[in-house]
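Here are a few exercises to work through with the model open. Try each task before you read the solution.

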Amino acid sequence: MKLSRPVSWFLLAFGAWSWVIWVTFAKNLWKDGSGLAFDDAGDPTAYFWVHLLLAITSFLLGTAVGVIGFRGLRALRTENAPRATG
């Protein structure tokens, strides 16, 4: 399958966006002071574990999508590169 340049850039941008969003979300989850993520004793709650799993899964899927976009751009670049004759 061959990806177009706009699709490849979109996938790469989506992967980068996932890194920013989900890493920020995980940091905020870790620092949660509202009482949702940690109980009064400071132990993680079910809310914490579910949202941490959501963040990790989304981060990994975003990374995979970004890698696909990067590979698409790299394939287009090598395809369009001038070939040496000799």
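**Exercise 1.** Is Trp22 buried, partly exposed or exposed?

*Solution.* Some ground rules before we start: this is a predicted model, where local features need pLDDT of at least 70, side-chain atom pairs count only at pLDDT 80 or more, and totals for chains, interfaces and linings use all residues. Residues are numbered from 1 along each chain as its sequence is written, and side-chain values use heavy atoms, with hydrogens and water left out.

Step 1: get the cut-offs, with buried meaning under 20% relative accessible area, exposed over 50% and partly exposed in between (1.4 Å probe, protein chains only). Step 2: Trp22 has a relative accessible area of 21%, so it counts as partly exposed. Leu53, by contrast, comes out at 56% and is exposed.

**Exercise 2.** Classify the ring pair of Trp22 and Phe25.

*Solution.* Step 1: rings of Phe, Tyr and Trp (its six-membered ring) pair if their centres lie within 6.5 Å; planes under 30 degrees apart are stacked, over 60 edge-to-face, and the rest tilted. Step 2: the structure holds seven aromatic pairs. In this one the centres of Trp22 and Phe25 are 5.4 Å apart and the planes sit at 70°, so call it edge-to-face. Step 3: look at the sequence spacing. Trp22 and Phe25 are three residues apart in helix H1 (residues 5-30), about one helical turn. An α-helix has 3.6 residues a turn, so residues three or four places apart point the same way. Elsewhere, ring pairs tie Trp30, Phe38, Phe48 and Trp49 into a cluster.

**Exercise 3.** How does the span of H1 compare with the expected 38 Å?

*Solution.* Step 1: helices are DSSP runs (H or I, at least four residues), numbered from the N terminus. Step 2: the expected span is 1.5 Å times one less than the number of residues. Step 3: H1, with its 26 residues, reaches 38 Å from first to last C-alpha, close to the expected 38 Å. While you're there, list the buried residues of H1: Ser8, Leu11, Gly15, Ser18 and Leu29.

**Exercise 4.** What radius of gyration does the chain have, next to a compact globule of 86 residues?

*Solution.* Step 1: the radius is taken over C-alpha atoms, and the globule rule is 2.2 Å times the number of residues to the power 0.38. Step 2: the rule gives a value near 12 Å, but the chain has 20 Å. Step 3: check the C-alpha trace, which spans about 75 × 20 × 20 Å along its principal axes.

Technical notes:
Helices (H or I, at least four residues) and strands (E, at least two) are DSSP runs, numbered from the N terminus.
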